[in-house]
Amino acid sequence: MRPLLALMLMLILGIPARVLAAEPIVFYGDRDLSPYSFMDQGRPAGASVDLARAVGRALGRDVEIRLTDLLTAQAKVLAGEGDVILNQAPNRERHSKFDFSDPTLPSPFALYSKRSERERLAMQDMAELTIGVNDGGFPQSFLHNDHPDLKMVVVLNTKDGLQRLIKGEIDAFGGSSWVVRQYLDSQGLSGVERLWTFSDRFTNFAVREGDASLQADLNRGLAVVRASGELQRIINRWEPPRTTQLSLGELHAIAVAALAAVILPVILILLLRSARRQKAMLATEIGYRRQVEEELMAASIAAFKSADLLGFVLGGASAAVFEFDLRSRKAYWSPETFTLLGLPPDTPTIPENWEACLHPEDRRLWWDALERALADGQSEFRQEYRIIHADKGVRWLDSRSRIWFSAEGDAERVGGINIDITEMVMASQHLEAAARESAELRADLQVVMDTVPAAIWIARDPEARLIEGNRASYQLLRMQPGCNMSKTGEEAGHLQFKILNMAGEEIPASQLPVQRAARGEAVIASELAVVFEDSVVRYEYGNAVPLRAEDGTVKGAVAAFIDISPLREAEAQLKAAKAEAERANEAKSRFLAATGHDLRQPLQALGLYLGRLEECLAESDRTVMIPIRTCLASLGALLDDLLDLGRLEAGIIAPKPVGFPLAQLLDRIIATHKPAALAKGLKFKVAACPRQVFTDPVLLERVVGNLVANAIRYTDRGGVVVGCRRRQGRLWLDIRDSGIGIPPDMTNEIFEEFVQLGNPERSRDKGIGLGLAFVRRTAQLLGLEVRVRSALGQGAVFSLALPVDLPADRAPTDIRAAAAAVPGRPLLIALIEDDAVVRDALGCALGGLGHQVAAGASSMDTLAGLNGARPDLVISDYRLAGGETGTEAVAALRGALGEDMAAIILTGEINPAVLRAIAEQGIEVQHKPLEFDALRLCVDRHARGIRSERAETALGQG
């Protein structure tokens with residue numbers, strides 16, 4: 001009836017038959033690939049067989065295992081006669097036909113040779129060896145891709161390859177380390193050893209290309225098996241050599257013949273290991289677990305009726321003994337079973353009560369294991385499953401069971417031991433998670449390192465004999481990634497470069513930054529040069545620091561260096577350009593000096609000769625002299641302008657800023673340029689400007705004079721107005737005219753040399769076009785801003801922003817005025833200066849101001865000179881003899897005579913960190929050289945502060 005209903009449901013809903021029928025997953029594997037999958041007395045067995053079944057249980061699907069040779073297995077799956085291939089290592093050829101699951105079992109790969117030939121072969125090049133490999137296997141594809149020049153011979157299987165190796169038909173055999181070791185152990189062969197290890201990869205489940213649904217199911221099942229710890233237990237179970245187990249008859253014989261000799265050592269061992277259980281689980285999880293299981297199994301069978309003594313042992317190991325009669329379905333539980341399951345002691349010992357404690361997903365696991373053992377004719381089996389403890393929640397149990405048979409061969413009863421392995425499972429899961437996280441962090445770190453443009457070197461040993469790095473480090477040294485870059489390593493002779501210091505000397509290998517850091521030294525701001533055989537030089541700058549273990553010991557070093565070669569090249573080019581500019585500047589200065597003399601001398605003589613010639617001419621002929629004198633005047637003006645511009649460009653002209661009234665300068669402008677304006681019939685007005693400005697008065701007068709002359713020159717009617725205005729806190733001097741104006745697109749070009757507007761005929765009367773060029777260069781020298789506002793035919797306004805209200809210490813006249821206005825009071829001043837000449841000069845100056853001075857070369861000398869008196873002010877140099885600093889000297893005086901003592905430090909130091917440290921101690925800083933008036937003003941300022949404090953104290957006391 002049920003099959004009929006299922007068929008009707010399929011036809012109505014269109015559900016695939018595979019879904020309703022829950023068809024088993026068919027796995028194909030290589031029967032010769034021990035211990036991954038192989039035929040054991042006609043039955044599939046091995047690590048991958050157990051893993052496939054575990055995945056099936058996790059998915060709730062039946063599993064069918066079929067083993068044949070590898071090529072047939074691949075053909076069956078591709079033809080649709082199977083679903084999954086066991087133990088497939090992905091390679092380029094297989095990726096074109098199959099899709100792969102997540103990694104399953106580890107597959108270390110190595111080359112093996114005869115022990116007698118190992119040393120000889122290890123010294124040879126791999127290309128000279130004849131290597132046997134399985135056809136189509138991972139070793140063959142791996143060696144072919146990475147070493148295509150190798151001579152490879154195809155063998156039938158691992159057995160064939162090792163036999164041909166022993167016979168000497170091949171030099172080496174490439175295969176799975178796990179498979180080879182299993183075969184060697186099973187055959188008792190000892191004449192074969194590992195020659196080279198190439199890879200630690202994982203195998204995968206392979207499905208037909210495009211079967212994404214099955215691939216996703218396999219990955220989901222693998223995730224469950226991996227998270228539960230089952231995957232690691234399968235690996236541990238099959239990892240050779242396997243533990244030898246005693247037969248049932250031997251265990252009974254031991255139990256009957258030597259109960260006391262067996263049980264007492266077991267008790268002592270279990271008590272000791274129970275006390276150290278947590279630590280032993282994490283450190284030697286698998287070995288401890290196997291030994292305890294064997295001992296407990298022997299003890300449980302040998303002393304089954306000594307319940308009190310055995311219960312003490314089992315309770316200490318979180319274990320419990322059980323027996324189940326398969327015919328009557330009656331069960332016996334040791335008292336520890338109730339505790340292990342979280343049940344009351346009076347709970348009936350029936351299978352239903354045990355099943356009620358099982359995790360819903362694991363309720364069939366033990367029964368399935370029993371059925372498989374019976375089907376395979378096995379006398380013992382084991383199974384891990386979960387229970388739900390009433391108080392502790394989910395717990396993991398490991399059940400080790402044995403089956404007793406009747407004389408007729410029928411199974412009569414099952415007995416064994418359950419052990420709580422929750423802590424081991426959790427520890428294994430934590431270790432797996434930590435390993436995954438560590439691998440992910442390492443991969444992420446490598447990506448970050450390869451992204452960084454700086455070269456990074458890492459030494460993982462205190463001798464720095466092995467140094468690795470990121471991509472930039474290998475590119476810098478012209479090496480293949482993965483090579484050892486250590487100059488102190490065994491391969492140092494192959495490194496094709498030298499490392500020099502900045503003096504051009506080769507640095508010994510032991511003194512390189514990474515090697516020094518590996519000895520515990522921090523190497524900061526190191527600069528070196530890497531020189532290659534083709535004479536190419538790369539300059540590097542960086543740091544190297546030690547890598548330390550948790551206990552502080554040095555375990556290696558890390559260094560990061562940046563390539564500063566472009567900077568060095570730019571510095572060299574800049575230095576050469578600067579030297580060339582300095583030579584040109586010196587030549588220009590010499591030219592200007594010579595021109596100032598050599599050109600003016602003949603002009604001066606020419607003027608004298610023209611005057612004498614004019615006296616000799618008749619009155620009617622003297623008109624010819626007018627254009628001659630005009631040409632001479634133009635030539636002189638041109639020479640003056642050229643020399644002025646040349647001096648500005650050469651930096652010969654140095655501003656001398658002072659404070660002065662702007663009105664005085666404007667009065668001179670009126671006197672100089674008003675006649676020229678009146679001669680053209682123009683109005684010329686200068687508004688009053690009663691303000692002080694701070695700049696070079698001579699250069700400013702020439703700038704303003706050029707602007708006024710330019711305005712008069714290009715104005716034919718109207719006039720010129722000069723005036724001041726305040727705008728946004730700045731003082732502007734405006735020169736406004738009603739001349740021809742400037743096109744908007746020419747306001748920048750008019751400041752170029754020899755550019756003139758409205759003078760296409762180049763009339764000498766309108767100048768030669770250097771006036772505004774001089775204005776721009778001089779304004780830049782003085783730090784003045786120049787603005788132009790104009791429109792064609794509507795005149796122009798040139799504006800200058802003038803500096804006003806500057807600090808007093810920038811104008812000597814202001815300093816003197818301020819100093820003279822400050823009334824002084826005699827102070828007791830402690831002076832600390834190690835230079836005798838400077839100390840005498842400062843003492844003389846301070847004494848001349850009426851102050852009493854106690855001077856010394858150090859803080860101790862000055863304290864001795866004070867003789868216990870507390871000074872009003874301490875003045876100290878910063879750099880003193882004997883390594884003492886001014887801050888230390890002030891601190892010494894303050895500690896001895898009073899913390900609130902005022903202090904001044906005189907220094908030429910410009911390091912911000914030093915100046916900040918001085919200020920943090922409440923000490924005033926004055927920079928050298930310090931003018932006398934500035935020193936007087938500074939000291940008197942402290943005198944006023946001291947007097948104010950004393951006055952306030954007197955008022956408070958009154």
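The model is predicted, with local features requiring pLDDT of at least 70, side-chain atom pairs counting only at pLDDT 80 or more, and totals for chains, interfaces and linings using all residues. Residues are numbered from 1 along each chain as its sequence is written, and side-chain values use heavy atoms, leaving out hydrogens and water.

**Helix α19**

Next, select residues 365–376, the 12 residues of α19. Helices (H or I, at least four residues) and strands (E, at least two) are DSSP runs, numbered from the N terminus. From first C-alpha to last, α19 reaches 16 Å, close to the 16 Å expected at 1.5 Å a residue; the expected span is 1.5 Å times one less than the number of residues. Colour L365, W366, W367, A369, L370 and A373, which are buried (under 20% relative accessible area; exposed is over 50%, partly exposed in between; 1.4 Å probe, protein chains only). Among the elements that cover these residues are α3 (47–59), β12 (319–325) and α18 (351–357).

**The open sheet**

Move to the open sheet of 5 strands, ordered β24-β26-β27-β29-β28 with mixed pairing. Two strands pair if DSSP finds at least two bridges between them. At the edges lie β24 (683–686) and β28 (785–790), each pairing on one side only. The twist averages 20° from one strand to the next. Strand β24 runs parallel to β26 (residues 719–727), joined by 4 bridges; V686 has V722 as its bridge partner in β26.

Now show α26 (residues 662–679), which packs on the sheet and touches β24, β26, β27 (730–737) and β29 (796–802). Contact means heavy atoms within 4.5 Å. The direction of α26 makes about 175° with that of β24; axes are lines fitted to C-alpha atoms, for helices over the stretch in contact, and angles run from 0 to 180 degrees between N-to-C directions.

**The disulfide**

Select C689 and C724, joined by a disulfide with S to S 2.2 Å (a pair of cysteine sulfur atoms within 2.5 Å). C689 lies in the loop between β24 and β25 (692–695), and C724 in strand β26, 35 residues apart. The S-S torsion is about -110°, so the disulfide is left-handed. C689 counts as buried because its relative accessibility is 4%, whereas C724, at 26%, counts as partly exposed.

**Confidence**

Finally, colour by pLDDT, the predictor's confidence in each residue, from 0 to 100. The protein averages 76. Over residues 759–769, pLDDT stays under 50.
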